Every structure is written in C-alpha cells, then in structure tokens.
Amino acid sequence: MTSAPANPAPSRLRARLRAQLPAALALAPAAIIVLVAYVGAMVWTVRLSFTSSKMLPVFDNVGFAQYQRLFNTERFIFSAWHILIFGVLFIAGCLVLGFLLAVFIDQRVRFEGLLRTIFLYPFAMSFIVTGLVWQWFLNPELGLQKVVRDLGFPNFSFDWIVDQNLVVYTLVIAGVWQSSGLVMAIMLAGLRGIDSELWKATRIDAIPTWRVYVSIVLPMIAPMVVTAAVLLAVAVAKLYDLVVAMTKGGPGLSSEVPAKFIMDNLFERSNVGLGTAAATVLLVTVIAILSPWIYAEHLRPKRGRR
Amino acid sequence: MSLALTPAGPKPQHFSVARLGVYAFLAISAAFFLIPLWVMMMTSFKTMDEIRLGHILSLPANPTLAAWFKAWSSACTGLACNGISVGFWNSVRILVPSVIVSIFVGALTGYAMSFWRVRGANALFAVLLVGAFIPYQVFLYPLVRIFSMIGLYSSISGIVVIHVIFGLPLMTLLFRNYYSSLPVELFNAARVDGAGFVGIFRHVILPMSTPIIIVAAILQVTGIWNDFILGLTFAGRTNQPMTVLLNNIVNSTQGEVEYNVNMAATVLTALVPLTVYLVSGRWFVRGIAAGAVKG
C-alpha cells in the first residue's frame, strides 16, 4: 500500500521498481528450480557423460569414450530398436484408435457419456497398474490364451509376453489401451468445434461420410492431432514404468528400453558415465524431434495474441 | 478450448447397416477397454484354487474378500509382509503436501508471469516449458547428488520438493494461461486502489481462481499418486509410495504367486485415481485439455 511519491520524476521509476520487487521475488522459486534442477542438472548430466565415473562422479575427461562404449553395448542397441518399434506402433495405434473412437462417439449415439467414461478411465490409472493387469491377463498358462483354448480352439496361441520376438508388441497393446482415451478426448473436442453447416453442405453434394472425415475433417483438426502426437511422443521417451511392471525388460533383453537402461546403469550397475551418456543421447533425440514443434507452437511470435 | 455438449457429427438416418456398424464398433471397443478391469476385479474375489482352473473371465464361484485383506495388511514384498497399506499411507503423506505446495508455487509463478511484467519472465517460462518435455532420466542423477548433499534424499520433504520441481511446468502453464484470460482491467483497478502484489493476489486473483485450482488439483492428485520413478528414486526405503510397493509385491519372486492378492493390491492402488476420475467427470477432461492444448 504505497502512497504517491512526493517528487515525481526520479522516484516514479523507483516506485515502479519497488512495485515490481515482490513480483520478482515471487518468481524466485521458479527461477531457482529452472537454474538448478533443470538447467544445472542437465548440464551436470552431460558433463558426467564425458567422464569415467563409475559409482561416484569423478571429473576427469575421457572424451567420447563412454559414447563409443554405449554404441557397442548390445543392451543399449536393443533398447533403441525396441523404443523405435514401440514408439511408431504406439503413437500410430493411439492416434488411429483414438480418432475412430472420437468419430464414432460423435455420431449422436446413445450412452455417449458412459462410453466416454469407459474409453478414458485407463488413462487415469498408472502405467504400473496397467502393466500388472496386462501381465496377468496375457499370462500364457492361466490368462487369455487358456480361455480361448478352453472355448474349443486347442491350437490357439497367444504367448507373446514370453516370446522374445513378440514381447514388445504386448507393451504396445497395453500402452494403446492406457492412452488412446486421451487421444479420443482431445479429438472429440476438435470434432465438437466443427460447424454443423459442413454436414449439410457435404450431404447436398452427396459426399460419402468417410470421405468427409478423411479429406475435410481430419485436416481441420490437424492441430489436435499434432498435440496428441506430441503428448504420446513424450510418453514414449519416458517409457519406463510400464516395462518395469509388465516385463522387467525380459524375457532376456527383449523388452529393454533406453529409460530403463539409463536407470539401471545410474542406480544399480554403478555405471554413471555410461548411464549419463545414454541420458544425453536420449536428450538430444527428444530435442531433435520436438524442437520444430516447440518453436512453432510456443515460441514463434503470434499475431493478435499476447 | 471448450467442450460443447452436443455432437457435431452428421445427422444419422433412422436405421441402417451403417448405424449397426457404429454400435458394433463402439461395443467391441468398450469390451477391449473394460476386460482388463473385469479380469482384475474378478481375480481379486477368487480363491487360488479357482484361479488355477484358468477361467480368467468367469465370475468367482465363491466370492471372497480374503485376498483383499491379505493385500491390504499382510502381502509380502520379499523383505517384509506388512501389506500395501504401508504404501497407501506413504502415498497420502507424499500426496497432500506435494499437491498443496506445487499448486501454490504454480499459482504464484503464473500470477507473477501474467500480470506483472517482470524482466526475463518469458525466458523463464520458455525454459520451463521445454523442461516439461525432457525425460526425468536426464535430471535424476545430479538431483540425487544435490539432495543427498543437502540432506533431503530419501525423506518425505525430499520427494515433496521433487514433485514441486517436476510439477512446476504444467502448473505454471495452467495458471499463467488462466490468468492471461482474466480481464486486465480488474488488475488495473486494484492497482489504482493502491493494492500491492500480495494484496491483489489474495483479494482479487485467488478468489477468482477456483476453477483452475480444481483442474490443477485433479491433475496433480492423479499424477503424483500414479508416479513411480520419482518415488522409487527419491522417497527412500521407508517412504515408498503405493505404486513402488505394489510393483515390489507383484514382481517379488519369492514363494508361490498369489494372483488374487496381486490383483486386489492392484485395484487398491488404482482406487484413488479412479475415484478422482469418476467423481470429477468433465473436470478431468478439462484438465487434460488445459494441459494439452497450446498456451
């Protein structure tokens, strides 16, 4: 509650600064968090990747030796392949299923609220819960495979979760189950924003409904598709909990992923140099994939908006 | 982003094969989404003898709550047999302060960023936003070092600070965007009346923040309850949150696997976010939309 200053010219500036001071102080926690926990920790991680750190950090310089070692580590190469396969199929699966769910729910169906609740509830649950449920449901001895065999298909086989070549796809199934409701919610919001005149116009022109969705509606809700894809991509890079709960990276190395490789090397195998090198590779990959989007969406100056 | 109540899709004709197809697709999808929940619930009410028969989809012949009691109070992690209740209370002790502090810091930061043109605030926001997209693994090791240096490692306060740190981007985004949508005249009028930074926040801004605080609380309660990696890394053995304990119980390799106890423990862990989801309804979707859509 400052009163008006006595002599205007120089002290008005001072008063302005004094008024700004509490605001600047209020930003201090955020500034400290950004400087220490985000920028500081990131720089520290990158620095450690150029050292020979084992269990405790040392600050020597071994150049790119850890990176050389990393790319000669079978487990990391496997992890990279798995995350690529998982990422492509998971994002595509969620986008397609989420879009279909949104479109079908938008057909003036009955029980819309109930259906939406059913499609989105897995997203409220953790990847740990998701992984444990699917691990049980896909159990070859007592789960889905047994049920279908008992139904009279004794040769039915669905033991992917214990199959080295197929286990990654079970992660995709569980992931799509958990996350496609999110895509549905985002896309449904987009569909609801479309002018109903569009449907009158396309009906008069006798354009088939599916054509309208693919050629007109989809381009109109492209921003929603991009948003959903980015959120899913972030989830892919962070993929850790689901693997830990569902497969523990196995059988063998067949469902290892980079985030787990990093965690294991940092906190269990006392390979801080190698772990931070892998973290740096992950960081560079994420930034390379996301930077065009971050620039276009958030940092590019926008006309008519503040 | 608004969620209109009425469907915008094409108007359906009365009955047609296409209409049947729409419902068939929705029904099959609903089954796909519901079956894991069904399996989880049914298994938790069965006895192990019944589970060994392998009818994973069937109703329990003799429903029993025995697995639930065991999961809650005496399931084993391989180290101890105190059940998942330990984790439940740990999660509560982590959740309450984390949600309150992270929302408060987010509201304060968003308020200072939107109404007060502090120099460097936009740059701060940009870094924060980029930080939200980077996997935790990039920050975790140095943070563990820092936290053990200042004595916060493996303590409740430590994990609370961690949740505040990693919740800050989303919380700031929510509050900054919400405050930017409020009429600036309101703020100017309060300035003219001589109110300062704290006064305006307390008497003008906070009373108008209820909707966004609800959205933030829903996001943080589900997010922090569902967290695994941060609790695993920072909470320490004695404070393990429910997700970590659940994983230890289910994936512990000692003795015979008790699927009914495992599933009961899983349901118990999912109960809090599921309740939040079912009670909050549209607010949950609003939260997703607010968090997902550009600023």
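In helix α12 of chain B, the residues Met242(B), Thr243(B), Val244(B), Leu245(B), Leu246(B), Asn247(B), Ile249(B) and Val250(B) are buried, a residue being buried if 20 or more other C-beta atoms, placed from the backbone, lie within 10 Å of its own. This is a predicted model, in which local features need pLDDT of at least 70, side-chain atom pairs count only at pLDDT 80 or more, and totals for chains, interfaces and linings use all residues. Residues are numbered from 1 along each chain as its sequence is written, while chains are lettered from A and ligands numbered from 1 in the order in which they are written.

The helix α12(B) spans residues 242-250 and is mostly covered, with 8 of its 9 residues buried; helices are DSSP runs of H or I with at least four residues, and strands are runs of E with at least two, numbered from the N terminus. The buried residues of α12(B) pack against elements of both chains, as listed here.

| Chain | Element (residues) |
|---|---|
| A | α6 (127-137) |
| A | α12 (241-246) |
| B | α4 (85-115) |
| B | α10 (210-226) |
| B | α11 (229-234) |
| B | α13 (259-280) |

Chain B as a whole holds 14 helices and 0 strands, and buried residues make up 45% of its 295 residues. Its C-alpha atoms fill a box of roughly 75 × 70 × 30 Å, taken along the principal axes.

In chain A, residues Phe127(A), Thr130(A), Gly131(A) and Trp134(A) of α6(A) meet Thr170(A), Ile173(A), Ala174(A), Trp177(A) and Gln178(A) of α8(A), where contact requires C-beta atoms, placed from the backbone, within 7 Å.

Definitions and conventions: Buried ≥ 20, exposed ≤ 12 C-beta atoms within 10 Å, placed from the backbone. Contact = placed C-beta atoms within 7 Å.
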